Amino acid sequence: MKLVTAVIKPHKWEDVREALETFGVTGMTVSEVSGYGRQKGHTEVYRGAEYDIALVPKIRIEIVVDNDDADDVVGIIVKTAQTGRIGDGKVWVSPVETVVRVRTGDRDEAAL
Amino acid sequence: MDTGDTAWVLTSAALVLLMTPGLALFYGGMVRSKSVLNMMMMSFSSLALIGVIWVLYGYSLSFGNDLGGGLLGDPTDFWGLKGLMSPDALVFTVPSLAFVAFQSVFAIITVALISGAIADRARFGPWLLFSWIWATIVYFPVCHWVFDFNGSTGTDFVGGWIANNLKAIDFAGGTAVHINAGAAGLALALVLGKRKGFGKEAMRPHNLTLVMIGAGLLWFGWFGFNAGSALGANTLAAVTWMNTLSATAAAALGWLLLEKIRDGKPTSLGAASGIVAGLVAITPSCSSVSPIGALIIGFLAGIFCALAVGLKYKFGYDDSLDVVGVHLIGGIWGTLSVGLLATASAPAAVDGLFYGGGVDQLWRQAVGAGAVLAFSFIVTLVIGFAIEKSIGFRISEEEEVEGIDGVEHAESAYDFTGSGGGSGFASGHLAAATAPTQEGVNA
């Protein structure tokens, strides 16, 4: 099993969710996060005083999937979230040792 | 007594009262979320504290018979508002207590205005002590100087020197309220020092929608402030009402235009600030200029104040919410503008410099503005230092980082932790002392 984690632009979140659902992903965890990459932050001006805002808002999606599906899921996220402009985000995949469904105690693939 | 005049003055008093909660929102939105409650409490505490001392002796110090030199009213004349419930007690055409009510809310908001200069860092108890002393030895005397006309509050009573001897025109409080509060704010900002991280860390306004609501309420209430100062339902009230609208609208445009040119974007904070700058500037001048004059005063107020709010970074004083840039500068400009743009066709019937009146009114305005500025600044410095050196005025650095709301009031303004119904885990749980007992639950 793999954990796919994606950090994307907030306005792409609905598109990504729909695409993943169409593919058959049945659940995910989503958080509103802040961060920056090469995009850096942005500038805001209050009563003439300029502030460099280092952190920009992003959406983080976490999905645990079968080994076979990991590449497809990554592909869908990249294709859907891409705008081609700086700040589109990152997707990464990490191995998962064990998954347990809390309600039934099912383990691993049965728990996905 | 005139019932129409009385109705308008009582209504105006209620309008002006609403300005202080409006100010609390205006200021509260501009600070960080960890200090919004303390910011708002500094305004609300003024409603409570000044409301009480106004009844006890504040009105009498302001509007009692002059003790000498036009400097201070006699505190014994109206101690506890004695003698003012009689139907014969009148100020011009309204019951004395209607006038007392109207003036009370001026005292309240003037004290509250100062608090914007010392956001995030003033201990609450010392702020109350400061408010009490400042109202007593700065506001009430200055109110007497500016607003107490000979014979208005008692037969043969002598009033204040600015109103009766100098004859500077300050219709609704450019000197007594705005220069007064602005100079005091500057002095307190110097006494308390900069916030930790001032000029380095981002101290963004945490809620600009609150700021916009506050500016709206201030504008609404300000019609009571200015048009209510006519103390009657008459032409003077109508002229001052319309001039208040004109100047404020033009000031918002002026501020936004300056931002667009200087910073690239017109901001909501700029619109809200421009509104307040225009209101401040037209306050002393609304009875003496034409609506066109008001447009000019307002537009320039927007420009001047938008430029002035940058001074604190240049000179390194932390006037957190720009009480100096908006109220002191706007108040000075508005007070001087009478000497420049007054027209004899307006109710005050005086010509300023640009209407062929020469500099006669201009120097009176300058002396009035300068006197209030110097008096307020110096006395506030003394009060501020006395409190700082004795009981301490400022919270500790550690407390400041933690946030003054928790430190001074044991509260936090917002609970965003609850998700999907009910409180989230970060909301905490009821302390044992407060939780219902088992018997209580079973019953």
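## Aromatic pairs and overall build of chain B

A search of the whole structure, counting every chain, turns up 22 aromatic pairs. One of them joins Tyr57(B) and Phe140(B): the ring centres are 6.1 Å apart and the planes meet at 90°, so this pair is edge-to-face. Please keep in mind as you look around that this is a predicted model. The points below start with the aromatic residues and then turn to chain B as a whole.

- Is Trp333(B) buried or exposed? Its relative accessible area is 13%, which is under the 20% limit, so Trp333(B) counts as buried.
- Phe304(B) has a relative accessible area of 34%, which lies between the 20% and 50% limits, so Phe304(B) counts as partly exposed.

**An aromatic cluster**

- Tyr57(B) and Phe140(B) are both members of one aromatic cluster.

**Fold and dimensions of chain B**

- If you trace the secondary structure of chain B, you will find 16 helices and two strands.
- The radius of gyration of chain B is 22 Å, close to the 22 Å given by the globule rule for 443 residues, so chain B is as compact as a globular protein of that length.
- The C-alpha trace of chain B spans about 75 × 55 × 45 Å along its principal axes.
- Among contacts in chain B with a separation of 6 or more, 76% are between residues 24 or more positions apart.

**Burial, surface and charge**

- Of the 443 residues in chain B, 57% count as buried.
- Chain B has an accessible surface of about 17,000 Å², and carbon and sulfur atoms account for 67% of that surface.
- The charged side chains of chain B comprise 19 positive and 29 negative ones, and the centres of these two sets are 13 Å apart.

How values were computed
Residues numbered from 1 in each chain as written. Chains lettered and ligands numbered in written order. Predicted model: local features only at pLDDT ≥ 70, side-chain atom pairs only at ≥ 80, totals over all residues. Heavy atoms only, no water. Helix = DSSP H or I, 4+ residues; strand = E, 2+ residues; numbered from the N terminus. Rg over C-alpha atoms; globule rule 2.2 N^0.38 Å. Buried < 20%, exposed > 50% of the residue type's maximum accessible area, 1.4 Å probe, protein only. Contact = heavy atoms within 4.5 Å. Areas by Shrake-Rupley, 256 points an atom, 1.4 Å probe, with all protein chains shown as cover. Lys, Arg positive; Asp, Glu negative; His and termini not counted. Charge placed at Lys NZ, Arg CZ, Asp CG, Glu CD. Phe/Tyr/Trp six-rings, centres within 6.5 Å; stacked < 30°, edge-to-face > 60°.
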